Amino acid sequence: MIDFHSHILPEIDDGSGSAAESLQMLEVSARQGVKLIAATPHFYAAESSPEQFLRRRAKSAGMLQKLLGPALPQVLLGAEVCYFDGISRTEALEGLKLEGTEILLLEMPFSLWSSRMVEEVSELQGRRGTQVLLAHIERYLAFQQPAVWESLRKQGVWMQCNASFFLNWKTKRKALRMLRKGEIHMLGSDCHNMAARPPQLGEAVQVIQKGLGESAWRKFDRQMLERLKAVRYP
């Protein structure tokens with residue numbers, strides 16, 4: 001199982017507050033069956049340059065690295081990049097992609113997107129060596145017209161949903177329907193801590209298995225791995 005969105009790195013954003021808490025989060029993830037986890041702390045262009053962010057990320061990852069062991073999920077460093085005007089023309093994005101891959105996890109505004117914003121996402125996806133993965137799309141669904149999603153998917157943009165989308169009784173049926181229709185490409189826990197937002201990907205998988213069947217989950221899990229392999233650097 002792969003977790004494509006988490007805030008497990010300690011003391012870098014609003015996620016884990018310490019290396020000890022990060023270790024707890026990884027242990028819980030491992031017990032739920034997670035083998036690979038993307039560490040994606042928030043990146044805000046208005047607050048720091050990519051170079052400054054990467055230095056802070058390296059320091060945070062170093063705090064956690066010494067605690068990792070073979071029983072824990074493999075950690076790939078990345079970032080949850082907050083959309084900003086001109087992002088499609090910014091060259092310094094390479095270090096923000098998920099380690100060893102072309103994937104850029106992109107957080108969009110929680111509002112109606114302008115035509116220019118949609119164009120920027122399309123242009124970013126069109127850049128050679130870049131695979132856009134929109135973070136927790138369930139948070140934007142109410143703001144956008146269906147044509148926006150259809151257009152982005154046709155251009156190859158991938159969609160990531162959080163475990164909570166499947167665990168909330170108000171949204172569970174919609175989440176399962178979207179997964180069945182192929183409108184979701186990746187899953188993530190978006191875990192931030194061990195209290196209010198702990199790792200719950202395993203619980204979401206149980207909902208999927210119950211709602212769509214074990215074979216449907218195995219197929220989707222295999223597809224996630226295949227997609228990841230397809231965008232890994234040689």
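Select strand 6, residues 103–107: five of its five residues are buried, so the strand is largely enclosed by the rest of the structure. Buried means under 20% relative accessible area, exposed over 50% and partly exposed in between, with a 1.4 Å probe and protein chains only. Strands (E, at least two residues) and helices (H or I, at least four) are DSSP runs numbered from the N terminus. The model is predicted: local features need pLDDT of at least 70 and side-chain atom pairs count only at pLDDT 80 or more, while totals for chains, interfaces and linings use all residues. Residues are numbered from 1 along each chain as its sequence is written, and side-chain values use heavy atoms, leaving out hydrogens and water.

Show the side chains of strand 6. Ile103, Leu105 and Glu107 point one way, Leu104 and Leu106 the other way, and all are buried.

Strand 5 (residues 80–82) runs parallel to strand 6 over three bridges, with Val81 partnered by Leu106. Strand 7 is also parallel to strand 6, joined by four bridges, and here Leu105 has Leu133 as its partner. From strand 6 the chain passes through helix 3 (residues 115–126) to strand 7 in a right-handed β-α-β crossover. Right-handed means that, with the strands pointing away from the viewer, the path from the first strand over the helix to the second runs clockwise.

Move to strand 2 (residues 36–39). Leu36 and Ala38 point one way, Ile37 and Ala39 the other, and all are buried. Strand 1 (residues 2–3) pairs with strand 2 in the parallel sense over two bridges, and Asp3 has Ile37 as its bridge partner. Strand 4 (residues 74–77) is parallel to strand 2 over four bridges, with Leu76 opposite Ala38.

Now for the aromatic rings. Which residues form one aromatic cluster? Select Phe110, Trp113, Tyr140 and Trp149. Rings of Phe, Tyr and Trp (its six-membered ring) pair if their centres lie within 6.5 Å; planes under 30 degrees apart count as stacked, over 60 as edge-to-face and the rest as tilted. The structure holds six such pairs. Trp113 and Trp149 make an edge-to-face pair, at 5.4 Å centre to centre and 65 degrees between the planes. Trp113 is in the loop between strand 6 and helix 3 and Trp149 in helix 4, so this pair ties together parts that are 36 residues apart in sequence. Trp113 is buried at 6% relative accessible area, and Trp149 at 5%.

Is Gln144 buried or exposed? At 7% relative accessibility, Gln144 counts as buried. Apart from neighbours within four places in sequence, Gln144 is in contact (heavy atoms within 4.5 Å) with Ser111, Leu112, Trp113 and Trp149. The Gln144 side chain reaches the backbone oxygen of Ser111 at 2.8 Å.

Finish with the largest nonpolar core, where Trp113, Leu134, Phe166 and Leu187 touch the most other members among 74 residues. Such a core is a set of buried Ala, Val, Leu, Ile, Met, Phe, Trp, Tyr and Cys residues joined through side-chain atoms within 4.5 Å.

Technical notes: Polar contact = N/O pair within 3.5 Å; in protein donor to acceptor, adjacent residues only side chain to side chain. Pairing = 2+ DSSP bridges.
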